[in-house]
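Welcome! Take a moment to turn the model around on your screen, and then let us walk through a few places in it together.

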Amino acid sequence: MEVEAWPGTDSTGASYSSHLDLWNDEEKKTSWYKKTLEHWAAQDATVNGVLGGFPETSEPDLRESRRFLHLVRRPTDPPSQKGIVLDCGAGIGRVTQGLLMHEFGQVDLVEPNARLLEAAREQIRDAKVDRFINSSLEQFQPEEGRYNAIWAQWVLLYLTDDDLVSFLQRCKKGLTRDGLIFVKENVVLEGQWIVDRDDNSISRTDAMYKEIFRKAGLLLQHELKQAHWPSDLVPVKMYALRRE
């Protein structure tokens, strides 16, 4: 797959002429994911742990996500007809509990870290929550045609470009006819991408994400910048995507 080269930096101050240099061979790619897994294995199964020590961002995050969801969806849809949503990189179920189970009829969770997923299972006691799936996103295969919506937040930044495109293509097959994919990630709005070497996460630029969406065969229906966000953190954007 031909991918445009984008220059950027990492948190150690190293510069790269292309983001492809981060994972351009199997050894680098294996190391990339290994670091991420090690990072999350060491995090507490709490809101503070899953939000990287910024628990105060949880409420404005959920509030803006709800606003975006209401902007995108038809307000006449009753909750009973809002179908099934998949929470990707669900962690301890923070987004499921705070947003998705109130906006959809049923929720599935997929999470790479078994310990965090088990914490979600213990904390969420609601009949609306159906499946707890332990899988990495680069390997996960959504059930075809099951989901009215797929919500991916603060998890796509751990995937390499080729794995991200492939994941989104599989997600398309998991959607119902009018289903949508919602992406919410840290997005660099001015300047170049940056990698946090503590967990091997890449904050892509807006242009990079839109190129990835194009390659995955997705059309951008809506986008919105997260409001009420700390100025010292990388900005956050939300995208609503549909099939071509």
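A residue is called buried when its relative accessible area is under 20%, and exposed when that value is over 50%. Keep in mind as you look that this is a predicted model.

You will find isoleucine 124 in the loop between helix 5 (114–123) and strand 5 (129–134). Its relative accessible area is 5%, so isoleucine 124 counts as buried. What surrounds it? Setting aside neighbours within four places in sequence, isoleucine 124 is in contact with Ile92, Gly93, Thr96, Gln97, Met101, Leu109 and Val129. For a sense of scale, look also at arginine 73: it lies 51 residues from isoleucine 124 along the chain, and the C-alpha atoms of the two are 25 Å apart.

Next, find a pair of helices. Two packed helices are described by the angle between their axes and the distance between the axes. Here, helix 3 (residues 58–72) packs with helix 4 (residues 94–103) at an angle of about 25°, and their axes are 10 Å apart. Because angles under 35 degrees count this way, helix 3 is roughly parallel to helix 4. The crossing of these two helices is right-handed. Which residues meet there? From helix 3 come Ser58, Asp61, Leu62, Ser65, Arg66, Leu69 and His70, while helix 4 brings Arg94, Val95, Gly98, Leu99 and Glu103. The residues of this contact divide into four nonpolar, four polar and four charged.

Now move to strand 1 (residues 8–10), where aspartate 10 lies. Is aspartate 10 buried or exposed? With a relative accessible area of 5%, aspartate 10 is buried. Its side chain is joined to the side chain of tyrosine 16 by a polar contact of 2.6 Å. Beyond neighbours within four places in sequence, aspartate 10 is in contact with Tyr16, Ile194, Val195 and Arg197.

Our last stop is a pair of loop residues. Asparagine 200 lies in the loop between strand 8 (193–196) and strand 9 (201–203), and histidine 228 lies in the loop between strand 10 (218–225) and strand 11 (236–243). Asparagine 200 has a positive phi of about 55° although it is not a glycine. Histidine 228, also a residue other than glycine, has a positive phi near 55°. How do they stand in terms of burial? Asparagine 200 is buried, at a relative accessible area of 5%, whereas histidine 228 counts as exposed, at 60% relative accessibility.

Key:
Residues numbered from 1 in each chain as written. Predicted model: local features only at pLDDT ≥ 70, side-chain atom pairs only at ≥ 80, totals over all residues. Heavy atoms only, no water. Axes fitted to C-alpha atoms, helices over the stretch in contact; angles between N-to-C directions. Helix = DSSP H or I, 4+ residues; strand = E, 2+ residues; numbered from the N terminus. Parallel < 35°, antiparallel > 145°, perpendicular 65-115°, else oblique. Left-handed = near helix turned anticlockwise from the far one by under 90°. Contact = heavy atoms within 4.5 Å. Nonpolar A, V, L, I, M, F, W, Y, C, P; charged D, E, K, R; others polar. Buried < 20%, exposed > 50% of the residue type's maximum accessible area, 1.4 Å probe, protein only. Polar contact = N/O pair within 3.5 Å; in protein donor to acceptor, adjacent residues only side chain to side chain.
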